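Welcome! Take a moment to look over the model, and then let us walk through a few of its residues together.

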Amino acid sequence: MKIDLTDTTAGEINKALIEGRRAIGTPAVGMVLTLVIVTDEENAYDALRAASDASREHPSRTLVVIRRVSRTPRDRTTSRLDAEVRVGAEAGTGETVILRLYGEVSDHADSVVLPLLLPDAPVVVWWPVNAPAAPAEDPLGALAQRRVTDTYAAEQPVRELAARAETYTPGDTDLAWTRITPWRSMLAAALDQVDCEVRSVEVEGEEFNPSCELLAMWLADRLGVPVRRSLSSGPGLTAVRMETTCGPVVLDRADGALANLSIKGQPGRAVALQRRDTAELIAEELRRLDPDDTYAAALRYGVERLSMGADAVATLGGAPAEPTEKAAQDEAVTEVAVAESEAGTEEGEAERPTPNSLARKAASK
């Protein structure tokens, strides 16, 4: 059942919801949460379809907030709220209200949404695109226990991860993090099968994919080893290679569906790592409403630290870094330069040493 309301109010929308439930013979409210989707007209259909599929597992009242762009100065000063109320088969297993905000009321979406929230039920806010810089400080985000964003939809996904780390508040999460749940489970299970120490890790995936960076940061944070990020043509994450004291452990997924897990000394095995759609990702996020501390730790590890080598990792761990061959050679060159300079000062006729001659003399020492 669908009810269209033009130039309406939150009170009229609540009345339409009650009338709709009575008309289809289900007056009792059986929803477990309120899902608020903040999006634009272009992405509203896909987001609503994903939420409708997820409602089969989590019956909820879904409020879709669409801020319409005013075309003239007069429209910007005129407030109007249009609503589309869906109940029954039109809304999956819950209720759906599509709110279109025009004019000044679009700047006060929280005042429209607040009367429509289910009483004594948790609230989840999801931004499929154009998420605010600080979701917890957004007026709509302040109403929620969980705030879901997707850095993959940002123009600069990797830079967006750094911004998310700076503004992280318990309750924030990212669908880019949700996408790597099967990978994290499989890698943890693989390491449980061997009694070895991990020395280094390589995460391979397509460029500008924040899930690859998040997986690399999670591994670096948990294992305390250098993690290298390499590029591939995709789709998404394609491989994780771990060098251990017992040999390599490789999880390779070249086609985006079936992966191969190989551990030295064991036969290779095929594992299912199908890329999941948005409905499955949202359904997973709705299963937990408490803060995700593991995501917070991985996010705060920092993208910039992924490029650090073994020397930097040892320094961060408190152990002094051993000098590399190039550093030793540079030190020897410096010693020769000092010696040449002193000799030239004493004799007064010594030629100024060149870099090549210094290097040759340093090598002969």
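Let us start with a cysteine. Cys 196 is partly exposed, as its relative accessible area is 23%. Keep in mind that this is a predicted model.

Which residue does a disulfide join to Cys 196? The partner is Cys 246, with an S to S distance of 1.7 Å. A search of the whole structure finds one disulfide. The pair links distant parts of the chain, 50 residues apart. Cys 196 sits in the loop between α7 (181–192) and β9, while Cys 246 belongs to the loop between β11 (237–244) and β12 (247–252). The torsion about the S-S bond of Cys 196 and Cys 246 is about -110 degrees, so this disulfide is left-handed.

| Residue | Relative accessibility | Class |
|---|---|---|
| Cys 196 | 23% | partly exposed |
| Cys 246 | 39% | partly exposed |
| Cys 212 | 0% | buried |

Cys 212 counts as buried because its relative accessibility of 0% is under 20%.

Now for a glutamate. Strand β9 spans residues 198–206, and Glu 204 lies in it. Is Glu 204 buried or exposed? With 16% relative accessibility, Glu 204 counts as buried. The side chain of Glu 204 makes a polar contact of 3.4 Å with the side chain of Arg 241.

Definitions and conventions: Residues are numbered from 1 along each chain as its sequence is written. This is a predicted model: local features need pLDDT of at least 70, side-chain atom pairs count only at pLDDT 80 or more; totals for chains, interfaces and linings use all residues. Side-chain values use heavy atoms; hydrogens and water are left out. Helices (H or I, at least four residues) and strands (E, at least two) are DSSP runs, numbered from the N terminus. Buried means under 20% relative accessible area, exposed over 50%, partly exposed in between (1.4 Å probe, protein chains only). A polar contact is a pair of N or O atoms within 3.5 Å; within protein, one must be able to donate a hydrogen and the other to accept it, and residues adjacent in sequence count only if both atoms are side-chain atoms. A disulfide is a pair of cysteine sulfur atoms within 2.5 Å.
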